[in-house]
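This report describes one protein chain for a reader who is meeting it for the first time. Please view the sequence and the structure below before reading on.

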Amino acid sequence: MKSVKVKYSIKNKLIMLSAIVAVPFLVMVVYLLYALHNYSIAYDTIVSNMTVANNYNLNFKEEMDESLYKLVVGSVTFETIGMDDSLHDPYVLLGELRSEFTKLMRITTDEESRTWLQILLRNINTLEDRVDDIRANLGTEDSYDANIEMLDNNIYIMTELIQDDIQYYIYYQTQSMEHLTERLNDRVHTFTVFCAALLVFVLLLVIVLTVMVVTGIIKPIRELSQVTQRVAQGDFAVRAQVDTEDEVELLADSVNIMTESIERFVSKIKEDERKMRRADLRLLQEQINPHFLYNTLDTIVWLIEGNDPEKAVNMVMSLSEFFRLVLSKGKEYITIQEEEMHIKSYLKIQQVRYRDIMEYEVHIAPELYRYKILKLTLQPLVENSLYHGIKYKRAKGNIVVTGALSEGEIHFKVEDNGVGMEPEELMNLRSEIMKPCKDTGKGFGLANVNERIRMNFGAQYGMRIDSRAGMGTRVEIVIPAVPYDEVELTEDGD
C-alpha cells in the first residue's frame, strides 16, 4: 500500500477559494480608501489655501491703507506704529503676506492659481517699494503733499490690485475644488462600473472554482461509496483509485487497507472452514473405520453360518442405516431424531458383537426431535464409552444416553459404568479436547466434536467430561435449541 501525503488539503482548497473571493474585494476597498484619502488631502489643502487667502482678502487693504495714511499725516511714525493696537506696521503686514502666499505657491498645483500668486508676489514687492518711497519722503520738505499723492496714485491702487489678485486666486481655487469634485464623481462612477464588472468576473470565477473544488471532493467520495457497496456485496478485491492528494485520498487509502484486512480475514475464515471440513471428513473416515466394517461383516457372516438369518438381516439393516446417517447426503446439520437413530444403529451393531459385556439405554425426549444438531455429535461419545470404558471392564457394562431441554438449551449426557479415569488422566483429556483437533494427541473424536460445536454455536457451548476410576465416565454436551426448519442449508452448493 502506497504512503499517502496530503499535498492539497481540503482545508487549503477552501481557504484558497475564500481568498479568491475576498482578495479582489479587499483590493477594491483599499483602493477606495486610498482614493478617498487623496481626495480628502487635496480638498483640505484647497480649503486651507482659500481660508488663508480669504483672511487677507478681507483685512489686508483696509489695514495697510489706514496704517500708511496715519504715517503720512504724522499721527505715528514707523518707530512708534507698533505701539498702536489699532494700526499695523506696513513692513510687518507685507512680510506676513509675502510669507503666507509664498507657502501657498509651494503647495498650489493648478496653473491659473499659480499665475495669480506670481502676480500677487510681484505686486507685493512693488507695494513694498512704494512704502520705501513714502518712508524716504517723510524727512524732506513738502513730504506731506508728495506722500498724499503717492497714497492716491500708487498705494491705494496697489492694495486694490493685491486684493484683486487674492480674489482671483480664491476664484481659481474654487474652480479647482469643482474640478476635484468632478474628478471624484468620475472616479466613483468608473469605480462603480469596475466593481460591477469585477463582481461578475469574481462570481463566475467562484462558480467555476467551486464546481471544481466540490467535484474534486464529491467524485472521489462517490467512488469510495461505490467501493464500499461492492465490499458490502462481498467483492473484497475491489480497490478505490483516488489521486487527489488530500484527506479523501487518505480516507481511500484507509478503506483499501480495511478491505485488504477484510479480504485476509475472509480468506482465513474460508481456510478455517476448509480445515473444519477436513476435520469433518476425518471424523467421517473414523466412522467408516475398516476394522469396524470388517468386524461387522464378520459378525454377519458368523450369524449366517450359525443359522440365525433374522439377526443377520437386522444387523445388515442397522449397518445400512448407520452409513446412511453417516453420509446424510452431505448435510452438516441433521435432526436430533436422525442423530438418535444413528447412535441406535451403532449400538445395535455393537451389541451383537459385545452382547456379553454391553447393554445400552437411549432416553431422548421426543420433544427434542425437531431441533437441529451437528451430524456425528453423539456417536463418537458412545463409541468412546464402549472402547475406553466398557471394553476394559471385567463385568457387564451399561451405556446410557439422555437428552433434555432446559431454558433454551439442549443437554445431552452419555454415561457409562466402565473403568473410568484417574484424576491426572481426566485432567489431560480435558486439556486435549480444548485444543484444535489437528493438534490433539489423544481423544481426537471428543476434541473434534467439541471444536465443531464451539465453532458452529459459540464458545459458550461444548463438552464437559467427568470421570472417576472404577466408577465410570459421564460426557455432557450443551447446544442451543434451534428448530431444524430455521437452519439455512446449502448442502448442494457448500
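Asp133 and Arg130 lie 3 residues apart in helix 3, so about one helical turn separates them. Their side chains meet in a salt bridge at 3.1 Å, N to O; the term denotes a side-chain nitrogen of Lys or Arg within 4 Å of a carboxyl oxygen of Asp or Glu. An α-helix has 3.6 residues a turn, so residues three or four places apart point the same way. Asp133 is partly exposed, with a relative accessible area of 29%, and Arg130 is partly exposed at 23%. Here buried means under 20% relative accessible area, exposed means over 50%, and partly exposed lies in between, with a 1.4 Å probe and protein chains only.

The model is predicted: local features need pLDDT of at least 70 and side-chain atom pairs count only at pLDDT 80 or more, while totals for chains, interfaces and linings use all residues. Residues are numbered from 1 along each chain as its sequence is written, and side-chain values use heavy atoms, with hydrogens and water left out.

Helix 3 covers residues 111-137. Helices (H or I, at least four residues) and strands (E, at least two) are DSSP runs, numbered from the N terminus. At 1.5 Å a residue, the 27 residues of helix 3 should span 39 Å, and its end C-alpha atoms are 39 Å apart, which agrees. The expected span is 1.5 Å times one less than the number of residues.

Several residues of helix 3 are buried, among them Trp116, Leu120, Ile124, Leu127 and Val131. Ser113 and Asn123 are also buried in helix 3.

The whole structure holds 10 salt bridges. Side chains of opposite charge can pair when their charged atoms come close. In one case, the side chains of Arg135 and Glu79 meet at 3.8 Å, N to O. This pair links distant parts of the chain, with Arg135 in helix 3 and Glu79 in the loop between helix 1 (10-72) and helix 2 (90-107), 56 residues apart. Arg135 is partly exposed, with a relative accessible area of 40%, whereas Glu79 is exposed at 60%.

Arg98 and Glu128 form another salt bridge, at 2.5 Å, N to O. Arg98 belongs to helix 2 and Glu128 to helix 3, so the pair links distant parts of the chain, 30 residues apart. Arg98 is partly exposed, with a relative accessible area of 24%, and Glu128 counts as partly exposed at 22%. Elsewhere, Arg430, Arg464, Asp466 and Arg474 are linked in a network of salt bridges.

## A paired hairpin

Strand 6 (residues 462-468) and strand 7 (residues 472-480) pair in the antiparallel sense over 7 bridges. Two strands count as paired if DSSP finds at least two bridges between them. Gly462 has Val478 of strand 7 as its bridge partner. The hairpin has 3 residues between the strands, and Gly470 within the hairpin takes a positive phi near 80°.

Most residues other than glycine have a negative phi, and most peptide bonds are trans. Leu376 has a positive phi of about 60° although it is not a glycine. Leu376 is found in the loop between strand 3 (372-374) and helix 9 (379-390). Is Leu376 buried or exposed? At 3% relative accessibility, Leu376 counts as buried.

Glu407, which is not a glycine either, has a positive phi of about 50°. Glu407 lies in the loop between strand 4 (397-406) and strand 5 (409-416). Glu407 is exposed, with a relative accessible area of 81%.

## A nonpolar surface patch

Val200, Leu203, Leu204, Ile207 and Val211 make a nonpolar surface patch of about 460 Å². Patches are made of residues with over 30% relative accessible area and no salt bridge; like charges are joined within 9 Å, and nonpolar side chains (Val, Leu, Ile, Met, Phe, Trp, Tyr) within 5 Å. Ile207 is placed in helix 4 (residues 143-232) and is partly exposed, with a relative accessible area of 45%.

## The chain as a whole

The chain has 11 helices and 7 strands. Buried residues make up 39% of its 494 residues. The chain exposes about 28300 Å², of which carbon and sulfur atoms supply 56%; accessible areas come from the Shrake-Rupley method with a 1.4 Å probe, and for residues only the protein chains shown count as cover.

Among contacts with a separation of 6 or more, 72% come from residues 24 or more positions apart. Contact means heavy atoms within 4.5 Å.
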